[in-house]
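Please look over the sequence and the structure before reading on.

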Amino acid sequence: MSGSITASNSTTSGAQATANSNRLSADLNTFLRLLTTQLQNQDPTQPMDANQLTQQLVQFSTVEQQMNTNTTLQSLLSLQQAGQLGQAASLVGQRVTVESDRLPLQGGRAQVNLPAAGTARAARIEIRDTTGNLVRSQTVQLGTAASTWQWDGKDTRGRLRDDGSYRLTVTGQASDGGSVALNHTVTGEVTGATRVDGAVTLKMGAVNVAYDRIRDIAAAR
């Protein structure tokens, strides 16, 4: 399956850093001009407080150092995100497991991964379309080990649904019938990756998932 890797470089952070630096420079120059004028025209009998002058200079120096540090950190973060996009390129065509409340139906199949039984003895799975209509629901008994539930892409009437992104809800059911929280993941094939506004996102068909949501990567086929 073909994939895509795209990057959209956001200049917002860089522009903001440049604007802040320019503003700081302008403020510092203005301060120095005022200071020079004040020193030239000060009353010899009431000279400027040296301690106050020193504190003001130290404050400007501290702010300038912080601005330079922020610019450096922004550059390092940009390099790290570019590296993540490169790593994501190697995942195109592979199946990965991610944390997501969106279920990618690809080629008429989708996979939900369930944990072993604990407080929850069963899992109630509900799949809805983009308008919120219930497409498929099923209660799955949990075993002593983690398990998977495969969706064949058919709705409650047996009609095959189109590939796409579906909303997934998984609710644990205790032995007394009460509802409990239940962690789950989904597995799908990576079809691309993108970097927008500094964030790297994986594409699994019609589902977009943040890169840091990856929990497992299957061996290359």
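The sections below treat the basis of the model, its nonpolar core, an aromatic pair, a strand residue and a cavity.

## Basis of the report

The model is predicted: local features need pLDDT of at least 70, side-chain atom pairs count only at pLDDT 80 or more, and totals for chains, interfaces and linings use all residues. Residues are numbered from 1 along each chain as its sequence is written, and side-chain values use heavy atoms, with hydrogens and water left out.

## The nonpolar core

A nonpolar core is a set of buried Ala, Val, Leu, Ile, Met, Phe, Trp, Tyr and Cys residues joined through side-chain atoms within 4.5 Å. Buried means under 20% relative accessible area, exposed over 50%, and partly exposed in between (1.4 Å probe, protein chains only). The largest nonpolar core has 31 residues, of which L114, I127 and W151 touch the most other members. Strand β5 (residues 120-128) gives the largest share of this core, four residues; strands (E, at least two residues) are DSSP runs numbered from the N terminus.

## W151 and its aromatic partner

W151 counts as buried, at 1% relative accessibility. Leaving aside residues up to four places away in sequence, W151 touches several residues, including L103, L105, I127, V135 and Y166; contact means heavy atoms within 4.5 Å.

Rings of Phe, Tyr and Trp (its six-membered ring) pair if their centres lie within 6.5 Å; planes under 30 degrees apart count as stacked, over 60 as edge-to-face and the rest as tilted. A search of the whole structure finds one aromatic pair. It is formed by W151 and Y166 and is edge-to-face, with 5.2 Å centre to centre and 85 degrees between the planes. Because W151 lies in strand β7 (residues 147-151) and Y166 in strand β8 (residues 164-174), the pair ties together parts that are 15 residues apart in sequence. Y166 is also buried, with a relative accessible area of 6%.

## V112 in strand β4

V112 is found in strand β4 and is buried, with a relative accessible area of 0%. Among the residues that V112 touches, not counting those up to four places away in sequence, are L103, W149, L168 and T185.

## The cavity

A cavity is a set of points on a 1 Å grid over the protein atoms alone where a 1.4 Å probe fits but cannot get out; lining residues have an atom within 4 Å of a point. The structure holds one cavity of 30 Å³ or more. The lining of the largest cavity consists of R95, P104, Q106, R109, A110, Q111, T187 and G188. Strands β4 (110-114) and β10 (185-189) each supply at least two residues of this lining.

How values were computed: On a 1 Å grid over the protein atoms alone, a cavity is a set of points where a 1.4 Å probe fits but cannot get out, and a pocket is an open set with protein on both sides within 12 Å along at least five of seven lines; lining residues have an atom within 4 Å of a point. Grid points are joined across faces, edges and corners, and a volume is the space filled by probe spheres set on the points.
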